[in-house]
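This briefing looks at a few local features of one structure, grouped by topic. Please keep the sequence and the 3D view at hand while reading.

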Amino acid sequence: MTRTTAQWQAADAAHHLHPFTDFKSLSAKGTRVIVRGDGIYVWDSEGHRLLDAMSGLWCVNVGYGRRELIDAATKQLETLPFYNSFFQTTTPPAIELAELLAEITPPQFKHVFFGGSGSEGNDTVVRLVRRYWDLMGQPKRDVIISRHNAYHGSTMAGASLGGMSGMHQQGGLPIPGIEHIQQPFWFEQGRGHTRDEFGLTAARWLEAKIREVGPDRVAAFIGEPVQGAGGVIVPPDTYWPEVQRICDQYGILLVSDEVICGFGRTGQWFGCETFGFRPDLMTFAKGVTSGYIPLGGVMVGERLARVLIDEGGEFNHGYTYSGHPVACAVALANLRLLQREGVVERVREELAPHLAWHFEQLADHPLVGEVQTCGMMAALQLVKDKATSEVFDPTLEVGMVCRAHCFGNGLVMRAVGDRMIVAPPLVMSIAQLDEMGALIRQCLDLTLADLR
Ligand code: PLP
């Protein structure tokens with residue numbers, strides 16, 4: 001049944017509570033109804049085409065409408081739409097996906113625990129980490145250290161691990177046993193130092209927190225290789241190797257949340273490979289299926305797996321959709337497509353350098369105070385005064401003004417405060433990247449004109 005946009009909006013406002021949304025604004029302003037996708041573009045109910053420079057929500061990495069993924073889902077739905085992996089049962093797609101993940105992830109990973117999302121994956125991380133230290137005879141090691149402005153999901157544990165102040169203000173978060181340190185955000189905290197110096201300083205905030213909590217109380221440190229939702233905060237090159245050194249020194253587990261960075265986004269298969277660290281656990285979701293169907297999970301390194309398997313007995317944790325056969329079949333098709341088409345190599349060698357070139361050009365714009373890129377992720381920091389890097393009064397919501405111009409001119413770009421970010425599909429053509437670069441400049445010009 002086809003409805004008008006106004007009809008869709010009215011029904012949506014009447015019944016649908018959207019994530020991370022002021023519910024009242026839905027009836028006041030209406031919502032954009034996206035009806036179709038093809039390649040790197042989506043279309044709204046008014047027929048406007050938008051270049052989707054956010055890959056949906058950092059996930060549609062192979063673009064919309066890929067026949068291989070659709071066929072894999074259809075075939076599996078016809079064969080066996082669901083069976084669980086509880087109580088000594090499993091399905092061929094879950095087995096094959098576990099095998100393939102063990103092959104493409106770093107060598108310390110041979111085992112996976114499946115869930116339905118990144119948030120569930122991070123809940124599983126908390127359960128696994130605490131179970132491991134119990135089994136190691138150190139049950140007091142139950143504190144997990146994370147970072148302010150991190151995003152690790154919306155479940156109670158995910159939101160607690162995350163460092164979003166707005167989330168912590170609601171519902172009594174964080175839950176006990178989670179501590180936060182400052183993020184490695186050079187533009188905000190590091191100017192006056194070289195990026196490399198600042199990277200070491202920021203990593204050593206972890207060491208200071210470990211000493212404060214007590215080294216025998218700290219179970220793990222969790223971080224996104226590049227903080228995505230926080231505004232594409234690319235850490236200095238010195239940061240992660242120093243974090244690794246500190247975790248090794250204190251025997252602390254290192255967790256890489258690869259929900260955004262995994263499966264090629266940074267130009268390697270996983271963000272930890274780009275930044276040179278060796279996690280004990282890795283959370284994944286989003287890009288594993290290119291968002292075509294929900295799937296997430298945790299890669300469990302041998303350090304934990306051996307203890308959990310050999311000494312753990314029953315692990316009392318799991319989700320109905322852990323190892324969902326249709327989701328696993330789609331993930332297999334997606335990962336084989338990435339392998340067959342050499343997508344990760346092309347990101348590293350061709351697309352990421354071209355994206356970086358565009359952002360270097362945009363750095364000249366009077367509104368831009370800093371640009372950061374990593375693989376197929378990039379950020380532009382909007383500033384009031386380019387010379388001094390003075391930022392805008394937040395009540396002006398300059399980022400939202402720019403975002404509105406993007407939508408109005410056929411581009412999906414996200415605003416995190418006054419930081420404009422993109423994470424486009426990993427299968428773009430060079431011409432499409434050029435189109436995106438030109439649209440961004442046009443929208444910056446329109447934003448500047450509004451401010452004058
Ligand atoms: N971890 C990171 C780094 C994320 O970016 C996200 C979602 O954006 C999550 C976890 C939560 O994933 P989900 O929304 O699938 O629960």
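This is a predicted model: local features need pLDDT of at least 70, side-chain atom pairs count only at pLDDT 80 or more; totals for chains, interfaces and linings use all residues.

**Briefing: a loop residue, a helix face and a helix pair**

T320 sits in the loop that lies between α13 (302–311) and α14.

- T320 has 10 other C-beta atoms within 10 Å, and because the cut-off for an exposed residue is 12 or fewer, T320 is exposed.
- Although T320 and F82 are 238 residues apart in sequence, their C-alpha atoms are 9.8 Å apart in space.

**Helix α5**
- Helix α5 covers residues 92–104, and its 13 residues, at 1.5 Å a residue, should span 18 Å, which agrees with the 18 Å between its end C-alpha atoms.
- The buried residues in α5 are P93, A94, L97, A98 and L101; seen down the helix axis, these buried residues fall within an arc of 135°, so they line one face of α5.
- An α-helix has 3.6 residues a turn, so residues three or four places apart point the same way.
- E99 and E103, on the other side of α5, are exposed.
- The packing partners of the buried residues of α5 are α4 (67–79), β4 (109–115), β10 (296–301) and α14 (325–340).

**Helices α16 and α17**
- The axes of α16 (residues 398–408) and α17 (residues 430–451) come within 9 Å and cross at roughly 130°, and the two helices are therefore oblique to each other.
- The crossing in which α16 passes α17 is right-handed, and the contact is made by V398, V401, C402, H405 and C406 of α16 together with C443, L444, L446, T447 and D450 of α17.

Terms used: Residues are numbered from 1 along each chain as its sequence is written. Helices (H or I, at least four residues) and strands (E, at least two) are DSSP runs, numbered from the N terminus. The expected span of a helix is 1.5 Å times one less than its number of residues. A residue is buried if 20 or more other C-beta atoms lie within 10 Å of its own, exposed if 12 or fewer, and partly exposed in between; C-beta atoms are placed from the backbone. The arc is that of the directions from the helix axis to the C-beta atoms. Two residues are in contact if their C-beta atoms, placed from the backbone, lie within 7 Å. Axes are lines fitted to C-alpha atoms, for helices over the stretch in contact, and angles run from 0 to 180 degrees between N-to-C directions. Angles under 35 degrees count as roughly parallel, over 145 as roughly antiparallel, 65 to 115 as roughly perpendicular and the rest as oblique. A crossing is left-handed if the near helix is turned anticlockwise from the far one by less than a right angle, and right-handed if clockwise.
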